Amino acid sequence: MSNTPDTDNAVRAYVDGHRAAFLDELSAWLRIPSVSADPLRAADVRRSARWLRDHLAATGFPVAEIWDTPGAPAVFAEWPSGDPDALTVLVYGHHDVQPADRGDGWRTDPFEPVIENGRLYARGAADDKGQVLIHTLGLRAHLAATGRRAPAVNLKLLVEGEEESGSPHFPELLRSYAGRLACDIVIVSDTGMWSEDTPTVCTGMRGLVDCQIDLYGPDQDIHSGSFGGAVPNPATEAARLAAALHDADRRVAIPGFYDGVVELTERERELFAELPFDEADWLRTAHSRATLGEAGYSTLERIWARPTAEVNGIGGGYQGPGGKTVVPSAAQVKLSFRLVAGQEVEKIQLAVRDWAALLLPAGIRHEITFGGATRPCLTPLDHPALQSVVRAMGRAFGRKVRFTREGGSGPAADLQDVLGAPVLFLGISVPSDGWHAPNEKVELGLLMKGAETAAHLWCDLAENGR
Ligand SMILES: [Zn+2]
């Protein structure tokens, strides 16, 4: 009943009719420099949280609260549908922004929004305030177009204030409010789509494990003529570890690394291959001159759907001018691993420990220190809620919606793990938006399409999401 051209037109008319007011509101929020990384901006981050809470209350959310953390506050809002059987959906975003300074190359003041040629320029325009606010405009359009007094799903919003600082208190926040955050589905609106002409839905993110391996040999640097060649050299062993990470096919050579990896389906490979991907363009964005990676996979498959190992840094011994003929006493190598669905953080950490212990000779003492880890997440293409997102986006954009994944890692996995709900992504940002860069912008047309998508999504999920 809701999926009709009439509803589509009513939603579009509402969104278009409220465009100017929406941009005024978004601009007011963007003027608050909520830079979570800067202690001098802590009061601004709080002001941003208060602005959002008031905005959500004015939108009609019966519950709109600020949730304090030991760092920056998050904002929570809730609007029950009134139907006891309704699906519960949690929308995630963040209200903090990356630092921005006129001197970094901004053409205008990063905290004084400017609209020019259909684009809104300001820090946070795309990442993530613009993408949070499409949900309030979309929700109002949903209510107006359907005549409902409450959303078709139980709608919750969680907008954190420390995402740009690595979400240090986010898992704890999720755990302490797990009851109030309970939901059937999570919608993350902090990602993008392929391009303005190619709407896409992201279906997963890779996980991350990183570590530093410290290697110790002689108690001090020693003469390479008197002792070299007869005792183990930690710098040589660091290089051997780095070189042993991959086999000749550039597959990761750590035993057990690929155990449980969810392989790409033929359908996914076909869909990735249909995307208008220009490798030469992509190489320019990679500041590199050739592609190289695991044999048998395309570039998109390598960065989205295959696990990887990377040497992030390696060092030790004499690095100064000229020569110094020593066997150094210590060396280090820093490694990171991107994980895909099916790989578990703890098993990978164990596999790395076993691998290093096996490769290193007697006389080299080593210590492995693991940093923070992030689990991978993936939603299957045939998941009913994913299909709802695709249909809602298709109605808003009037184009075929395709699929991507994200090679990076983020708090989506915490939401999935702590709340036990599948994570879906609804993002309308495009690569040219310049996240974290000078002159960040958002395309106004895409903001409106995003609001339309959000307006359609709640009815579709209510009907088909289970
Ligand atoms: Zn973001």
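The model is predicted, so local features need pLDDT of at least 70 and side-chain atom pairs count only at pLDDT 80 or more, while totals for chains, interfaces and linings use all residues. Residues are numbered from 1 along each chain as its sequence is written, and side-chain values use heavy atoms, with hydrogens and water left out.

The zinc ion has protein donors from His94 (NE2), Asp127 (OD), Asp190 (OD) and Asp190 (OD), at 1.9 to 2.7 Å. Donors are N, O and S atoms within 2.8 Å of the metal (3.2 Å for Na, K and Ca); water is not among the atoms, so sites may look incomplete. Angles among the four donor atoms run from 52 to 154°, and the site is irregular. Four donors count as tetrahedral if all angles lie between 85 and 135 degrees; four count as square planar and six as octahedral if opposite donors are over 155 degrees apart and all others between 65 and 115; anything else is irregular. The donor residues follow the spacing H-x32-D-x62-D. Asp127 sits in the loop between strand S5 (119-121) and helix H4 (129-146). Asp190 sits in the loop between strand S7 (185-188) and strand S8 (200-205). The pair, 63 residues apart, links distant parts of the chain. Helices (H or I, at least four residues) and strands (E, at least two) are DSSP runs, numbered from the N terminus. Asp127 and Asp190 are both buried. Buried means under 20% relative accessible area, exposed over 50%, and partly exposed in between (1.4 Å probe, protein chains only).

Helix H4 has 18 residues. Its first and last C-alpha atoms are 26 Å apart, close to the expected 26 Å. The expected span is 1.5 Å times one less than the number of residues. H4 is mostly covered, with 15 of its 18 residues buried. His135 belongs to H4 and is buried at a relative accessible area of 3%. Beyond residues up to four places away in sequence, His135 touches Val91, Ser189, Leu426, Ala454 and Trp458. Contact means heavy atoms within 4.5 Å. Just after H4, Gly147 takes a positive phi of about 75°.

The largest nonpolar core holds 66 residues. Such a core is a set of buried Ala, Val, Leu, Ile, Met, Phe, Trp, Tyr and Cys residues joined through side-chain atoms within 4.5 Å. Leu52, Leu120, Ile187, Leu447, Trp458 and Leu461 touch the most other members. Helix H14 (residues 444-464) gives the most to this core, with nine residues. Leaving aside neighbours within four places in sequence, Leu447 is in contact with Phe22, Leu23, Leu26, Gly130, Ile134, Ile428 and Val442. A second, separate core of 29 residues includes Leu245, Leu339, Val340 and Ile348.

Three strands form an open sheet of mixed pairing, in the order S15-S8-S16. Its edge strands, S15 and strand S16 (402-406), each pair on one side only. Two strands pair if DSSP finds at least two bridges between them. S8 and S16 run in the parallel sense over four bridges, and Met205 stands opposite Glu406 in S16. Cys377 lies in strand S15 (residues 377-378) and counts as buried at 5% relative accessibility.

Elsewhere, strand S1 (residues 63-67) pairs with strand S2 (residues 74-79) in the antiparallel sense over five bridges. A hairpin of six residues joins S1 to S2. Ile66 stands opposite Val75 in S2.
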